[in-house]
Amino acid sequence: MKNLLMSRLPDFPWDSLAGAKAKAECHQGGIVDLSVGTPVDPTPGVAMEALRAAALAPGYPQTWGTQALREAIIGYLGRRWNAGYLLEQQVLPVIGSKEFVAILPTLLGLGAQDVVVIPTLAYPTYDVGAKLAGCEVVCCDDPDELVALRPKLVWINSPANPHGQILDAVQTRAWVDATRAVGAVLASDECYGEFGWDAQPVSVLDAMICDGDTSGLIAVHSLSKRSNLAGYRAGFIAGDAQLVTVLLEIRKHMGMMVPAPVQAAMIPLLGDDSHVELQRARYAARRVKLRAALQACGFQIDHSQGSLYLWVTRDEDCWSTVDYFAKRGILVAPGSFYADAASSHVRVALTATDEHVAAACDRLFNSVV
């Protein structure tokens, strides 16, 4: 039976990597998978302890989250992102950020008559979520162009996936002002915010960016990367109280609730910076090693000011580059997954163990004539 929603979507891009993965797996040292951004380091002990302590959970959890979780979210955003003015009705836990990204246009009631703006180089789920709602998708990297486009929803992402570019305070403020001028919702994906390398990320909720006025703004956060919690599906949003209230009421009807033990695990993690600093140091060390090995092989690294990826090219078709790595037992993501304009780049993830990163670097250095 034909499925209308499936007909709106592209093929799942990762399926096309099967051949390269099989080739990489044939390497005598085994595969080093640098294609995906899934954490590999341990989940902090405080999260596991809190999860176990909350394991007895026979009743339904609150869609809005417990008061303790809401307070922890507000405390984190105030301490880390200069948004200490937020109130409880302005935050909401979600079942991982990807779920929220994919369903936001639908929850906002958008449809075929509406335009959703996404970055030219972008996490594919922005496009998928808009298409699931039947919206028109337009790629745009210049806030001055919004007047002509008249969008209802605009996505920005900093540090960005796949290329790691970071918007500075002036650029971020320009997006806030432009979306407000056209009456659009600005959704800021800040899930990689803890990982700025060559520049420091800012949030749209920063009091210096939005003047403490969250109207039309939604910031999206995740504990997957900062806390190695991807398997828990723990995220949250914050921003415009009216928007958050609408999203909360619809999610109540849909039964979209973060499990109670996961809510409990989020609380100590949001109050602790030490485990984030440790994880940041791990990724920084891996980044230095991979960057040196890639440059030794003649690759150019573009953008990559933040996030957990290196955006790599040597001015050839990205699939040729994917094959180059696969022959050395390394799997990377082709730039064409993210935009036709990225067909000469590949994305190299930092999310592999120290041992696997060392193995990948050895293979790359050994390939240098």
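Predicted model: local features only at pLDDT ≥ 70, side-chain atom pairs only at ≥ 80, totals over all residues.
Residues are numbered from 1 along each chain as its sequence is written, and side-chain values rest on heavy atoms, with hydrogens and water left out.

Residues with an atom within 4 Å of a point count as lining. Grid points are joined across faces, edges and corners, and a volume is the space filled by probe spheres set on the points. The count is 1 cavity of 30 Å³ or more, and the largest cavity has a volume of about 60 Å³. Its lining consists of Tyr76, Glu190, Cys191, Gly193, Glu194, His221, Ser222, Leu223, Arg226 and Phe236. These divide into 4 nonpolar, 3 polar and 3 charged residues, where Ala, Val, Leu, Ile, Met, Phe, Trp, Tyr, Cys and Pro count as nonpolar, Asp, Glu, Lys and Arg as charged, and the others, Gly among them, as polar.

The second largest pocket holds about 330 Å³ of space. It is lined by 16 residues, of which Pro119, Asp141, His163, Gln165 and Leu167 are the closest to its centre. Strand S5 (153–157) and helix H8 (169–182) each supply at least two lining residues; S5 gives the most, with 3 residues. Helices (H or I, at least four residues) and strands (E, at least two) are DSSP runs numbered from the N terminus. By class, the lining of this pocket has 10 nonpolar, 5 polar and 1 charged residues.

The structure contains 12 aromatic pairs. Rings of Phe, Tyr and Trp (its six-membered ring) pair if their centres lie within 6.5 Å; planes under 30 degrees apart count as stacked, over 60 as edge-to-face and the rest as tilted. Tyrosine 192 and tyrosine 309 form an edge-to-face pair, with 5.7 Å centre to centre and 65 degrees between the planes. Tyrosine 192 lies in the loop between strand S6 (185–189) and helix H9 (207–210), and tyrosine 309 in strand S10 (residues 309–313), so this pair ties together parts that are 117 residues apart in sequence. Both tyrosine 192 and tyrosine 309 are buried, a class that requires under 20% relative accessible area, with exposed set at over 50% and partly exposed in between (1.4 Å probe, protein chains only). Phenylalanine 195 and tryptophan 197 form a tilted pair, at 6.2 Å centre to centre and 35 degrees between the planes; phenylalanine 195 and tryptophan 197 are likewise buried. Elsewhere, ring pairs link Trp311, Trp319, Phe337 and Tyr338 into a cluster.

Two arginines place their charged ends over the ring of tyrosine 324: arginine 314 at 4.1 Å from the ring centre, and arginine 328 at 3.8 Å. A charge sits over a ring if NZ of Lys or CZ of Arg is within 6 Å of the ring centre and within 35 degrees of the ring normal.

Side chains of opposite charge can pair when their charged atoms come close. The model has 18 salt bridges, each defined by a side-chain nitrogen of Lys or Arg within 4 Å of a carboxyl oxygen of Asp or Glu. Arginine 280 and glutamate 194 meet in one of them (3.0 Å, N to O). Arginine 280 lies in helix H12 (residues 274–296) and glutamate 194 in the loop between S6 and H9, so the bridge connects parts that are 86 residues apart in sequence. Arginine 280 is partly exposed, with a relative accessible area of 23%, whereas glutamate 194 is buried, at 6%.

Other salt bridges lie within single helices. Glutamate 249 and lysine 252 meet at 3.3 Å, N to O; both lie in helix H10 (residues 241–254), 3 residues apart, about one turn of the helix. Lysine 327 pairs with aspartate 323, the closest N and O atoms being 3.4 Å apart, and both residues lie in helix H13 (residues 318–327), 4 residues apart, about one turn of the helix. Salt bridges that share partners also join Arg80, Glu194, Arg226 and Arg280 into one network.

Note on methods: 1 Å grid on protein atoms, 1.4 Å probe; cavity = no way out; pocket = protein on both sides within 12 Å on 5 of 7 lines; lining within 4 Å.
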